[in-house]
Amino acid sequence: MVETSGGRLHPHGQRRGVAAFLAANKTLLVAAWVIGFALVFLWQSTSVLVGGVGGGVGFLRLRSAPPPPPHPAPLLRPKAYNLTDFGGIGDGRAVNTAAFERAVMAIAALAERGGGQLNVPPGRWLTAPFNLTSHMTLFLAEGSEILGIPDEKYWPLMPALPSYGYGRERKGPRFGSLIHGQNLEDVVITGHNGSINGQGEAWWLKHRRRMLNNTRPPLLQLMWSKDIVVANITLKNSPFWHFHPYDCTNVTVSNVTIIAPVSGAPNTDGIDPDSCQDVLIENCYISVGDDAIAVKSGWDQYGIAYGRPSGNIVIRNLTVRSLVSAGISIGSEMSGGVANVTVEDVRIWESRRGLRIKTAIGRGGYIRNISYHNITFDNVRAGIVIKVDYNEHADDGYDRDAFPDITNISFKEIHGRGVRVPVRAHGSSSIPIKDISFQDMSIGISYKKKYIFQCSFIEGRVIGSVFPKPCENLDLYDEQGQLVRRAAMLNSTEVDYDI
């Protein structure tokens, strides 16, 4: 007990009392020590804000983590500029057309010294259409977005493409693309996944209401150019086709995301190589309101006269979606010919059609040496479609005797689930489908109609295991390539036209 004398505390009694208290409350003190240490640590990791508005009581608040610093733009040319060097303002309201034009002029002056790089910093950079130049890199920083002005009065008109003879939607001139280039070489459009946004909503609405007198503009179009790279960016909401390389050579598209609404955004194709040679499209995600990719080469008599085929094209490692049209298409404008196309390692999901070849009398030209390999369908209405009566023509002057030739089309390792009609390959007496082959095919179907593998005017072979059961228009071979059964007929099976 504590000893007192005259109301005073004796020291030896105090020491005994403290010792007794410590012994009895050891656990409590340990806990208090831990809490105290934690509070000190917390205090060191916080900022103390004293005196709020009007001198209120101070309080403790955790510091928010600072945002990570933006990735610095790599120097990809001997000289680099920022758009702000030319008066650019990235507030989404100021119009930056003049800034882009001044920057391009400065880079054009560097052509003999390796060209230049234009860095578009984070921000929203509203602009009317502008042209690129040779030996130029357009670099879109993380968080940057180039925005197209929606009002068509800011968009110049250009002549119809010579292989189309027609604006494509309307007679006469067509609107030029937001980012454009002609007769260029060595052009790179890349970045840290910055984006180019066509703000196409106003265009789509006016198109549906037939308020436009000219064909809508692409988002990005390069014509008669070579050595083109488009990589590590996002394209979205184009008024019309997103990327349209026209009569170009050596084009690479890699790690590009292309998005538009899957309905209500008409003709917003993802990538349309048109009369192009030596094209690589890889590692992309595309979800749009029309074909994700459509290989083209001109339209009817105009494409025949222009005579520039598309060829040596590799399309690989893609995920694509098209609720309105197809994942990967060839045509329908293919009058200059399409040859030597490889499509491999592609997933097509939630789409109306998977792989489609489309043409018609009057197109002329050819589609040959096309190889599809390792394709996966996931909830696709029609997996493989070949259609030869796509009768949409520029005008009435097309040649009724211009029959396209379709030869040597191969499908290997085609798999998937939730497919209504796996194959619908219908030629005609004037446009037969020749030398077609199916190998290692297994597709889970969602439709129990009798004829789900549809063929007519088709000649070719089935090799090994193919499910569902193929039509009898095709020769049957085993896995070793030995003939098992010759084709029995060349007539049409039942047709489901609703695909």
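The points that follow go from model confidence to the chain as a whole and then to its aromatic side chains.

This is a predicted model, in which local features need pLDDT of at least 70 and side-chain atom pairs count only at pLDDT 80 or more, while totals for chains, interfaces and linings use all residues. Residues are numbered from 1 along each chain as its sequence is written, and side-chain values use heavy atoms, with hydrogens and water left out.

**Confidence**
- The protein chain averages a pLDDT of 88, and 84% of the residues score at least 70, where pLDDT is the predictor's confidence in each residue, from 0 to 100.
- Over residues 1-23 the pLDDT is below 50, and this stretch has 11 contacts in the model beyond near neighbours in sequence, a contact meaning heavy atoms within 4.5 Å.
- Residues 37-62 also have a pLDDT under 50, with 21 contacts beyond four places in sequence.
- Where pLDDT is low, the predicted coordinates should not be read in detail.

**Overall make-up**
- The secondary structure of the protein chain comes to five helices and 35 strands, taken as DSSP runs (helices H or I, at least four residues; strands E, at least two) numbered from the N terminus.
- Of the 499 residues in the protein chain, 50% are buried, that is, under 20% relative accessible area with a 1.4 Å probe, protein chains only.
- Among contacts between residues at least 6 apart in sequence, 74% join residues at least 24 apart.

**Aromatic pairs**
- The whole structure holds 12 aromatic pairs, counted for rings of Phe, Tyr and Trp (its six-membered ring) with centres within 6.5 Å, and called stacked with planes under 30 degrees apart, edge-to-face over 60 and tilted for the rest.
- The pair of Trp155 and Trp203 is edge-to-face because the ring centres are 5.3 Å apart and the planes stand at 80°.
- This pair links distant parts of the chain, 48 residues apart, with Trp155 in the loop between strand 11 (144-148) and strand 12 (157-158) and Trp203 in helix 4 (residues 201-208).
- Trp155 is buried at a relative accessible area of 4%, and Trp203 is buried at 1%.
- Tyr372 and Phe411 form a stacked pair, 4.8 Å centre to centre with 5° between the planes.
- Since Tyr372 lies in strand 28 (residues 366-387) and Phe411 in strand 29 (residues 405-419), the pair ties together parts that are 39 residues apart in sequence.
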